[in-house]
Amino acid sequence: MSDRNQLRLAAALDVLSIFIFVLIGRKNHDEGGSVIAGAAKVAAPFLVALVAGWFVARAWRSPLAVPTGVIIWLMTIVGGLVLRKLAFDGGTAVPFVIVASAFNLATLVGWRCVAEWRVSKSRPQP
């Protein structure tokens with residue numbers, strides 16, 4: 001896979017991870033209204049923090065690497081929760097923080113673990 005394709009795949013999977021988290025949460029809490037507008041409002045602080053995480057991690061250098069994912073995850077959670085509380089008037093109850101942290105760890109870092117494993121399996125063994 002070319003570097004450009006790796007970058008596109010990583011960005012798409014990261015954004016998809018955030019939207020899956022948001023859509024599951026909205027469904028579990030029976031939130032009404034527009035699905036698109038509601039999801040965008042909840043996802044916005046986490047997407048902003050995700051972009052910041054990409055810059056801090058310099059993700060374009062190794063977008064599929066697990067350490068890149070860890071930095072992105074930390075930035076997304078910390079930045080997303082702070083933005084949600086201060087700029088988006090959203091709640092940051094302890095159960096939400098725990099679920100958000102665990103789910104996004106499993107997705108933002110998890111898919112990178114699978115990617116690294118697949119790459120290592122495809123390399124010829126000495």
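Me: Among contacts between residues at least 6 apart in sequence, what share joins residues at least 24 apart?
Reply: In this predicted model, 70% of those contacts join residues at least 24 apart.

Me: Which secondary structure elements does the protein have, and how many?
Reply: The protein has four helices and zero strands. Along the sequence the pattern reads α-α-α-α.

Me: Where do the helices run?
Reply: Helix α1 covers residues 3-28, and helix α4 covers residues 94-122. Between them, α2 spans 35-57 and α3 spans 66-86.

Me: What box do the C-alpha atoms fill?
Reply: Taken along the principal axes, the box is roughly 55 × 25 × 25 Å.

Me: And how much of the protein is buried?
Reply: Buried residues account for 33% of the 126 residues. The accessible surface is about 7,800 Å², and carbon and sulfur atoms contribute 68% of that surface.

Me: On to charges. How many positive and negative side chains are there?
Reply: There are 13 positive and 6 negative side chains. The centres of these two sets lie 6 Å apart.

Me: How many salt bridges does that give?
Reply: The count is one salt bridge. It is formed by the side chains of Asp14 and Arg112, with an N to O distance of 2.8 Å. The pair links distant parts of the chain, since Asp14 belongs to helix α1 and Arg112 to helix α4, 98 residues apart.

Me: Why can two such side chains pair at all?
Reply: Side chains of opposite charge can pair when their charged atoms come close.

Me: Are Asp14 and Arg112 buried or exposed?
Reply: Asp14 is buried, and Arg112 is buried as well.

Me: Changing topic: which residues make the nonpolar surface patch?
Reply: The patch consists of Leu16, Ile20 and Ile24, and its area is about 240 Å².

Me: How far is Ile20 from Phe46?
Reply: Their C-alpha atoms are 12 Å apart in space, and the two residues are 26 apart in sequence.

Me: Now Ile36. Is it buried or exposed?
Reply: Ile36 is exposed, because its relative accessible area is 71% and the class begins over 50%. Ile36 lies in helix α2. The C-alpha atoms of Ile36 and Leu23 are separated by 9.4 Å, and these residues are 13 apart along the chain.

Me: What is the phi of Arg58?
Reply: Phi of Arg58 is near 50 degrees, a positive value in a residue other than glycine. Most residues other than glycine have a negative phi.

Me: Where is Arg58 found, and how accessible is it?
Reply: Arg58 is found in the loop between α2 and α3. Arg58 is partly exposed, at 42% relative accessibility.

Me: How far apart are Thr92 and Val82?
Reply: Thr92 and Val82 are 8.5 Å apart, C-alpha to C-alpha, and ten residues apart in sequence.

Me: Last one: why does Ser101 count as buried?
Reply: Ser101 counts as buried because its relative accessible area is 17%, and the cut-off is under 20%. Ser101 lies in helix α4. Not counting residues up to four places away in sequence, Ser101 touches Trp73 and Ile77.

Conventions
Residues numbered from 1 in each chain as written. Predicted model: local features only at pLDDT ≥ 70, side-chain atom pairs only at ≥ 80, totals over all residues. Heavy atoms only, no water. Helix = DSSP H or I, 4+ residues; strand = E, 2+ residues; numbered from the N terminus. Buried < 20%, exposed > 50% of the residue type's maximum accessible area, 1.4 Å probe, protein only. Contact = heavy atoms within 4.5 Å. Areas by Shrake-Rupley, 256 points an atom, 1.4 Å probe, with all protein chains shown as cover. Lys, Arg positive; Asp, Glu negative; His and termini not counted. Charge placed at Lys NZ, Arg CZ, Asp CG, Glu CD. Patch = residues over 30% accessible without salt bridge, like charges linked within 9 Å, V, L, I, M, F, W, Y side chains within 5 Å. Salt bridge = Lys/Arg side-chain N within 4 Å of Asp/Glu carboxyl O.
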